[in-house]
Amino acid sequence: MRTPLIAGNWKMHGSRAGIGRLLTDIRAQIDPNGRAELLVVPPFPYLDLVASQLDGVPVAFGAQDVSAHAEGAYTGEVSAAMLADCGCTHVLVGHSERRTLHGESDESVAAKFMAAQAAGLCPVLCVGETLAERDQDRTEEVVQRQVGRVLKEAGIAAFSRAVVAYEPVWAIGTGRTASPVQAQAVHAVIRAQLQAEDATIGGQVRILYGGSVKPDNAAEILAREDIDGGLIGGASLQADSFMAIYRAANQVC
Ligand code: PEP
């Protein structure tokens with residue numbers, strides 16, 4: 001049985017005071033008997049603050065991006081070793097906002113994935129199709145290409161230390177969600193692709209759904225067989241909505 005993971009991507013939001021309050025409220029709502037794991041993903045400048053506030057608290061934290069390079073003259077970039085040094089355990093790679101706004105290719109996402117693992121971080125590999133690609137019936141082809149590039153570069157064994165997040169681009173921050181049936185269908189495609197390489201690893205890898213998950217739609221999405229949690233943007237910025245999704249995961253997963 002895969003342990004559900006509820007991850008909050010705070011994107012470029014927050015302040016020291018706001019994140020401090022958010023973490024206080026999250027901490028107060030952790031269920032000591034809950035099965036779901038929690039992960040928060042703040043902007044880089046707040047990693048130290050998050051590390052100190054989560055010391056001894058069963059909530060992991062990570063970063064939203066990472067350099068593919070280990071060290072050197074890459075102004076503005078942050079290496080995986082630096083993130084690990086700050087206490088991160090996870091890092092998002094290939095979030096659609098990185099792919100579309102910052103021109104990240106499948107190749108650079110694969111390089112970031114491997115750089116993360118080389119430093120001991122668990123990459124959260126984000127994949128998903130645009131609305132135009134879905135309308136052209138190309139969803140499977142797109143997500144298989146995105147996952148396939150990482151498989152080709154890193155190999156299937158790497159997926160025993162990774163999480164995949166399926167995030168249809170048209171559902172991120174738009175209020176539109178993939179229906180549970182649509183989401184499950186794509187999750188099953190991704191799992192089958194990984195299981196074709198290694199049945200055990202493919203069966204164990206956690207595949208999160210992301211795209212306008214809210215407290216009122218979380219339970220029916222998270223109840224699906226191949227959906228092992230959520231990557232939550234907007235609803236993770238308020239402890240009450242984020243933790244309502246966490247409670248839904250504890251109930252249905
Ligand atoms: C995200 O940022 O990855 C995301 C899924 O955002 P939202 O929940 O706001 O759609």
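Reply: Start with a term. A polar contact is a pair of N or O atoms within 3.5 Å; within protein, one must be able to donate a hydrogen and the other to accept it, and residues adjacent in sequence count only if both atoms are side-chain atoms. Here, a backbone N or O atom of Gly233 lies 2.8 Å from an oxygen atom of the ligand. A backbone N or O atom of Ser212 is 2.7 Å from a ligand oxygen. Lys11 uses its side chain: an N or O atom there is 2.8 Å from an oxygen atom of the ligand.

Me: How much of the ligand's accessible area does the protein cover?

Reply: Accessible areas come from the Shrake-Rupley method with a 1.4 Å probe; for residues, only the protein chains shown count as cover. On its own, the ligand has 290 Å² of accessible area, and the protein covers 97% of that.

Me: What should I keep in mind about the model itself?

Reply: The model is predicted: local features need pLDDT of at least 70, side-chain atom pairs count only at pLDDT 80 or more, and totals for chains, interfaces and linings use all residues. Residues are numbered from 1 along each chain as its sequence is written, and side-chain values use heavy atoms, leaving out hydrogens and water.

Me: Which residues are closest to the ligand?

Reply: A residue is near a molecule if one of its heavy atoms lies within 4 Å of it. The ligand is surrounded by 14 residues, and the closest are Lys11, Glu167, Gly173, Ser212 and Gly234.

Me: Is His90 buried or exposed?

Reply: His90 is buried, because its relative accessible area is 12%. Its side chain makes a polar contact with the side chain of Thr89, at 2.8 Å.

Me: And is Arg145 buried or partly exposed?

Reply: Arg145 counts as partly exposed, because its relative accessibility is 40%. Its C-alpha atom is 9.4 Å from that of Val127, 18 residues apart along the chain.

Definitions and conventions:
Buried means under 20% relative accessible area, exposed over 50%, partly exposed in between (1.4 Å probe, protein chains only).
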